[in-house]
Amino acid sequence: MTTPAADATASRGRGRGLSDACASVVRTLRTDRALAVVVTATIVGLVLRVVSAAIAARAPKGLFDPARYAGYARVIADGQGMVEPLTGQPTAYYPPGYPWFLGIIQWGIDHTPLPDDLALVTALVQAVLGAASVALIGTLGRRIHSPAAGAVAAVVVALMPNLVLHSSTVLGETLTIALLLAFLVALVPPPGHRPWPAGMGRRRLATAGVLLGLVLLVRPVTAGVLVAVAVCWWISGIGWRRTATWTGVLLGIAVLCIVPWTVRNAIRMDALVPLSTNSGDNLCIGHGPSATGSFRLDEDCAIQGNVVDGTAVEVSSDREKTDLALSRWRRGWRDEPGLTVNRLRFTVERDDDALRALQSYGLDPWLDDGAETVLSRASNGAWFVVGLVGLVGLVKLSWTGEGQRLLVPLTVLSVLAAPLLTFGDPRFKVPVVPLMALAAAVAVTRRSVLRPPPSVEGDQGATPRT
């Protein structure tokens with residue numbers, strides 16, 4: 001039993017410890033101006049996204065993705081798992097990551113004093129994730145190029161209008177960005193550690209594997225990033241065997257994250273569905289007779305039966321549409337070069353897609369024309385500048401030929417390659433916008449020369465260690 005005097009002494013000790021920690025943080029921020037900018041940008045990014053949540057968050061309407069996600073959140077929170085709200089039939093139409101993310105939020109709303117408003121609470125949670133992404137891009141820039149590049153990238157990501165607005169939508173882009181950036185940061189050790197990738201310890205590799213698995217559960221089409229990482233490792237000179245081993249470890253851990261969902265689908269849907277059953281729809285939209293390169297419903301893809309007609313119909317429909325798309329691709333392969341160019345154009349030419357999502361794609365037009373025009377021009381203008389300067393930065397990063405710096409351009413290419421197989425949409429490039437911001441920052445800042453500690457300089461062949 002402690003005495004009051006002892007308790008008072010312990011309390012003073014804790015107070016001094018907290019005071020010393022705060023003083024240390026202040027000293028660090030005073031001496032490291034780039035870090036201070038990143039911290040400030042993170043706070044500003046959070047404030048902007050909270051304001052956006054308060055103004056723009058609304059319950060989604062219609063049968064578009066946001067409204068369907070909200071429906072899944074409700075049944076998941078009720079303990080039914082991912083089932084069609086109207087029929088109660090198990091479904092795997094969407095990848096499970098974002099519906100379950102929303103389901104957890106809905107469960108929290110149901111069991112806490114949080115306001116009974118899924119759109120608002122989701123927007124606030126995503127505001128925090130958006131702010132975390134600001135800090136993560138600042139960290140990644142600092143590690144692969146320079147503190148100045150990290151600071152500039154953090155400011156740009158904090159202020160990009162479409163990224164701010166996306167945090168208020170019931171869509172998975174904000175979550176995808178946070179997980180993807182965390183994955184890349186996990187792969188790159190801080191300055192002063194062993195040269196990349198020799199400093200890749202087992203814990204770092206395992207953490208990256210888990211983050212990759214989470215990214216794939218939310219956005220499976222980002223799987224190409226694993227190829228990008230493998231290429232970067234190989235270019236770094238660690239040899240094909242170690243590259244294959246490390247890539248296999250990443251893939252194995254990611255697959256372990258996905259396996260429970262695949263097993264669930266095998267049990268509840270009586271079919272092998274690794275992640276989702278919407279690939280057939282996407283392929284059919286992209287390769288149908290009336291395909292233009294953008295999202296456009298094709299009557300020839302409207303085969304009998306759909307996702308609400310039960311699990312067997314959902315699975316068979318996905319397979320039938322996939323077969324139909326592949327058959328048309330074989331017959332119309334001469335059209336593919338032109339369609340591929342259109343897909344890329346439709347993906348990268350605009351960056352105001354969040355405005356449409358926030359208004360339920362025309363079903364809830366709450367913004368007046370003047371405000372929408374201003375926001376649209378601001379979003380597209382910011383993207384034009386960032387995209388144009390970012391292209392210079394991607395070339396600059398690629399020119400070095402260093403695996404660590406190639407992570408950014410190769411990741412951008414791997415994510416943008418996915419829509420080229422189906423159809424283009426501005427939303428599909430949102431996950432790489434922060435990386436383009438980092439590339440733009442690289443284009444306008446000088447590179448830091450990061451020297452490893454003398455005891456390990458040149459130790460490029462070390463194996464992963466804890």
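Modeller: Begin with exposure: a residue is buried under 20% relative accessible area, exposed over 50%, and partly exposed in between, with a 1.4 Å probe and protein chains only. Arg345 is therefore partly exposed, at 38% relative accessibility. This is a predicted model, in which local features need pLDDT of at least 70, side-chain atom pairs count only at pLDDT 80 or more, and totals for chains, interfaces and linings use all residues. Residues are numbered from 1 along each chain as its sequence is written, and side-chain values use heavy atoms, without hydrogens and water.

Biologist: What does the side chain of Arg345 meet in a salt bridge?

Modeller: Side chains of opposite charge can pair when their charged atoms come close. The criterion for a salt bridge is a side-chain nitrogen of Lys or Arg within 4 Å of a carboxyl oxygen of Asp or Glu. Arg345 pairs with Glu349 at 3.6 Å, N to O, and Glu349 is partly exposed at 41% relative accessible area.

Biologist: How many salt bridges does this rule give?

Modeller: The count comes to 13. One of them joins Lys321 and Asp281 at 2.6 Å, N to O. Lys321 belongs to helix 13 (residues 311-331) and Asp281 to helix 12 (residues 279-287), 40 residues apart; helices here are DSSP runs (H or I, at least four residues), numbered from the N terminus.

Biologist: Are Lys321 and Asp281 buried or exposed?

Modeller: Both Lys321 and Asp281 are buried. Asp351 and Lys429 form another salt bridge, with their closest N and O atoms 2.9 Å apart. Asp351 is buried at 1% relative accessible area, and Lys429 is buried at 0%.

Terms used
Helix = DSSP H or I, 4+ residues; strand = E, 2+ residues; numbered from the N terminus.
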